[in-house]
Amino acid sequence: MSSLTRSAVFASIAILLAFILQLIWAPTTTLEYVVEGVAGLVSKRPSTSRIDTHIHVLTPSYIKALDESGGDPSGWVTPSWTLEGCVRFCDTIGASFSVLSVTAPGPAILGPTENGRKLARTLNEEVWDVCQQRPGRFGFFASLPDFNDIEGTLEEIRHVFEVEKKANGVVIMSSYGDRLAGDDAFRPIWKELNKYSALVFLHPGHINVTPEKISGFLPQPVIDYPIATTRAAMSLLVSGIMSEYTQLEIILSHAGGAFPMLAARGIGALLEPTLAQKSNASMIQAKLAANRFWYDLAISTSEAQLKALLATASSSNILYGSDFPYAPRPGIYTGLLQYSRFSSSPEGKKIGPTQLHKNAKRLLKKHAPERGFLPKPDGAESEPYEPEFGLEDSNEAERAREQLERP
């Protein structure tokens with residue numbers, strides 16, 4: 001064997017050993033990608049169906065609580081919700097699995113009270129009933145009481161994860177009263193969630209600002225909700241909660257609001273000595289912790305939003321979300337078409353439908369409930385399916401489905 005041949009052989013062996021060592025020391029998610037990639041070589045065409053992690057449900061108890069409290073404090077009109085309408089919508093956007101949640105303010109509409117505790121328990125029972133009516137089609141994020149009722153919230157967390165074991169995670173709000181989600185007063189709640197390695201869906205809620213509505217009429221969900229999410233995300237970082245409780249995974253609504261655009265600014269501010277002294281996390285710790293955030297695309301599919309998100313977040317931490325039924329359906333369908341066009345571009349292919357499907361499946365499997373529901377295996381998804389209640393008449397939705405289903 002010539003010296004040149006021996007060098008080539010040794011180089012090949014070195015590359016192989018380096019790859020093996022990389023696998024050995026790789027994080028779990030990297031190993032999962034390798035397994036998924038190998039499985040993909042022998043499987044059928046990868047699924048392009050949507051797994052919707054941001055979709056809401058309105059139950060009788062929640063509608064009653066809203067009505068008795070004078071309506072949604074955000075100023076948004078409360079939409080109607082039926083199981084038939086929800087299933088038809090899911091089929092229209094090509095969603096094979098959806099994780100239902102009760103939106104803001106949730107049980108906190110009754111404040112940190114005994115009635116708030118009871119409402120949280122009732123809502124979770126009602127949403128589970130919906131899931132059981134279509135087994136394998138829906139999962140859910142369990143609701144929790146107002147965080148200012150710390151003991152009540154801890155009790156419900158234990159009930160969700162130790163007794164019921166049905167929820168895919170929990171839904172929380174960006175703030176409770178005058179405290180952001182990452183307020184130090186709520187540390188016992190985050191410690192308990194970390195104990196169960198909880199998947200947390202963080203949804204924006206009403207904030208106390210003056211004027212409450214822009215120009216006196218624009219409801220807070222339009223502009224203020226994305227800002228509320230941004231504030232909550234930063235509070236979780238500078239409080240040190242995300243750095244300390246490493247078993248937590250948090251989904252930020254609406255592509256993180258303004259967080260992708262402001263993350264570097266907010267985290268970079270911790271270089272300033274007086275701010276660094278007050279923060280419970282260093283700039284490096286905050287930056288590392290921010291990598292554990294997940295992002296859904298609910299009402300956030302413009303090219304500018306998607307480019308900003310990809311500049312901040314890993315493509316493996318992005319999920320699909322619709323925000324049904326609060327977002328107007330024509331807007332959802334137009335947004336889906338926007339996403340389908342962007343995902344077919346060279347820059348957007350990294351968050352194509354197959355990638356988002358894999359992301360959601362991996363995340364939900366990691367936090368699989370003992371008695372709850374998960375998306376079907378990819379092989380089962382390829383079986384013929386006839387929409388139960390037909391599809392809504394929408395040219396945008398039809399064009400988006402066709403584009404997203406292309407190999």
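Predicted model: local features only at pLDDT ≥ 70, side-chain atom pairs only at ≥ 80, totals over all residues.
Residues are numbered from 1 along each chain as its sequence is written, and side-chain values use heavy atoms, with hydrogens and water left out.

Entry on the whole chain. I noted 17 helices and 10 strands, taken as DSSP runs numbered from the N terminus (helices H or I, at least four residues; strands E, at least two). Of the 407 residues, 51% are buried, where buried means under 20% relative accessible area, exposed over 50%, and partly exposed in between (1.4 Å probe, protein chains only). I also looked at contacts (heavy atoms within 4.5 Å): among those between residues at least 6 apart in sequence, 80% join residues at least 24 apart.

Entry on the salt bridges. My search of the whole structure gave 19 salt bridges, each a side-chain nitrogen of Lys or Arg within 4 Å of a carboxyl oxygen of Asp or Glu. In helix α3 (residues 60–68), Lys64 and Glu68 lie 4 residues apart, about one turn of the helix, and their side chains meet in a salt bridge at 2.8 Å, N to O; Glu68 is exposed, at 62% relative accessible area.

I then turned to Asp91 and Arg137, whose closest N and O atoms are 2.6 Å apart in a salt bridge. Asp91 belongs to helix α4 (residues 83–93) and Arg137 to the loop between α5 (114–133) and β3 (138–143), so the pair ties together parts that are 46 residues apart in sequence. Asp91 is buried at 8%, and Arg137 is buried at 11%.

For Asp184 and Arg187 I recorded a salt bridge with the closest N and O atoms 2.7 Å apart; Asp184 is partly exposed at 47%, whereas Arg187 counts as buried at 16%.

Ile214, Val222, Ile223 and Ile227 make a nonpolar surface patch of about 290 Å². Ile223 sits in helix α8 (residues 220–238) and is partly exposed, at 43% relative accessible area. Patches are made of residues with over 30% relative accessible area and no salt bridge, like charges being joined within 9 Å and nonpolar side chains (Val, Leu, Ile, Met, Phe, Trp, Tyr) within 5 Å.

Conventions:
Areas by Shrake-Rupley, 256 points an atom, 1.4 Å probe, with all protein chains shown as cover.
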